[in-house]
Amino acid sequence: MAGVAVVLPYTDAIQQLVDSLAARIQRSVAVDDVRGGLIVSSRHFGDEDRIRIDVMLSRRLPSRVAEYLNSFGISTSDQPLSIPASPSLGLKARRCYPIRDHGRLLGYVWLINDGAERFDEAVGECVVQLAARLRDRSLQVTGEEGRRRALVADLLHGGEGSARAAAELVSQGLVCADDTIVVIVTDPSTDPEAVAAVIAEATGRGGRDEPAVRALASAVGDRGVVLVAGREEVERAGAWFAEAVRRGVRQRAPGSGGVFVGVSNAGRLDRAPDLLRQAVLAAFAAAELPELAPVLSWRDTGVYGPLMLAAVASPDLVVPPEIAGLGAGGRTDFLAHTAEVFLDAAGDTATAAEQLMIHRTTLYYRLAQVEKKTGWDLKNGRDRLALHLGLKMQRLLDTGIPALLRGEEEHRGRS
């Protein structure tokens, strides 16, 4: 993923400390953040390996290498650790020095060398000084992160603030004016901070299996959102990040139940508010309609997409009164379900009977009852279309989607 370089005033001071240490011990020194992203590196003394060169170029650690290093407990240790070589990963033996400030992990110092323990005293002195600098850096990164999230939220909200936010995001190099974007949204029960943490891990970890785009996490109301931007394969990248969010959030809170994610179509920056709306509706449909996938793109909402948009305007015009008696509760509910399964099966009675687990004779009887109650002929294509659309709309009206849509409309009207 192509990262955006942020110039921090503390980086020069960190670089000076690292260069001074490297010159003193005559070994190359690198400092990573807690996610494996390279902060600074000294010049090399002939001790570099393939991974160090790759990280110098990409600024990030490939995921397989990160997993290998983390397996030695570097994130929980407060003491230096020696990591064995891994020829298959292109990794020489190295020594890791966790950098902590009052117990809080801020990053790591790395030496590539067998027997690097002899440098522990010199590196330990440097680690104390680096902790202060990295603490200052962490505070600035947090501030930058908050401002970036606010810009993304303003972009997605719409109105005059959206155009200003787009211009600011472009001027800061966070997106390009000609980028294509995709918006990802989670359901309201998912903590936006968990979504942001997953995206930070995915974009900070690196790895050649990840798409070459930028992913910016934020929040709109009580929903976690991700803006994915790039020039190529942005839709593929959006699908990749959406799955990463669902998987990552579930790993962080395994007992929290389902995680539902909506993904918009691809579009330009000026369409961001509309793309947000698509993603919100897709996430809601994924949560409310069991037959749909938990990670759902707007394109894959099928007939529910346009029906959701119609629901906010005038649902009574979309649900014919003839259908009311088929889904009014009690004994008539099975007729609506029977008709919907039959129509979903494109009128294939054998398939419908199998899915309903009833005899085909029973199916014919129920379909005759449907025709009697509605006055429609199921052999007539127009009648079947009206019934099918009406049943799907009734499904939507039985969920919380209309209230969601009305709330979205009121919010857009105030923006």
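1. R214 is buried, with a relative accessible area of 14%. Buried means under 20% relative accessible area, exposed means over 50%, and partly exposed is in between (1.4 Å probe, protein chains only). R214 lies in strand 7, residues 214–220. Helices (H or I, at least four residues) and strands (E, at least two) are DSSP runs, numbered from the N terminus. The side chain of R214 reaches the backbone oxygen of L174 at 2.9 Å. A polar contact is a pair of N or O atoms within 3.5 Å; within protein, one must be able to donate a hydrogen and the other to accept it, and residues adjacent in sequence count only if both atoms are side-chain atoms.

2. A word on the source. This is a predicted model, in which local features need pLDDT of at least 70 and side-chain atom pairs count only at pLDDT 80 or more, while totals for chains, interfaces and linings use all residues. Residues are numbered from 1 along each chain as its sequence is written, and side-chain values use heavy atoms, with hydrogens and water left out.

3. Now the whole chain. The protein chain has 15 helices and 10 strands. Of its 415 residues, 49% count as buried. Contact means heavy atoms within 4.5 Å. Among the contacts in the protein chain with a separation of 6 or more, 63% are between residues 24 or more positions apart.

4. Look next at helix 12, residues 349–356. Its buried residues are T349, A352, A353 and L356. They cover an arc of only 100° around the axis, which puts them on the same side of helix 12. The arc is that of the directions from the helix axis to the C-beta atoms. Which exposed residues sit on the face turned away from the buried side of helix 12? They are E354 and Q355.

5. Both ends of helix 12 deserve a look. At the start, a side-chain oxygen of D348 comes within 3.1 Å of the backbone nitrogen of A350. Just after the helix, M357 takes a positive phi of about 60°.

6. Helix 12 packs against helix 13, residues 360–374. Two packed helices are described by the angle between their axes and the distance between the axes. Here the angle is about 100°, and the axes are 9 Å apart. Helix 12 and helix 13 are therefore roughly perpendicular to each other. Axes are lines fitted to C-alpha atoms, for helices over the stretch in contact, and angles run from 0 to 180 degrees between N-to-C directions. Angles under 35 degrees count as roughly parallel, over 145 as roughly antiparallel, 65 to 115 as roughly perpendicular and the rest as oblique.

7. Which residues of helix 12 and helix 13 meet? T349, A350, A352, A353 and L356 in helix 12 meet R360, L363 and Y364 in helix 13. By class, this contact has 6 nonpolar residues, 1 polar and 1 charged. Ala, Val, Leu, Ile, Met, Phe, Trp, Tyr, Cys and Pro count as nonpolar, Asp, Glu, Lys and Arg as charged, and the others, Gly among them, as polar. T361 also lies in helix 13. T361 is exposed, with a relative accessible area of 53%.

8. L155, L156 and H157 in helix 4 meet A272, P273 and L276 in helix 8. The contact of helix 4 with helix 8 has 5 nonpolar residues, 1 polar and no charged ones.

9. Two loop residues have a positive phi. Q26 is not a glycine, yet its phi is about 60°. Q26 lies in the loop between helix 1 (11–25) and strand 1 (29–32). It is partly exposed, at 40% relative accessible area. H102, also a residue other than glycine, has a phi near 50°. H102 is in the loop between strand 4 and strand 5 (104–112). At 82% relative accessibility, H102 counts as exposed.

10. Is S86 buried or exposed? S86 is buried, with a relative accessible area of 8%. S86 is in the loop between strand 3 and strand 4 (94–101). Leaving aside neighbours within four places in sequence, S86 is in contact with Y68 and L91.
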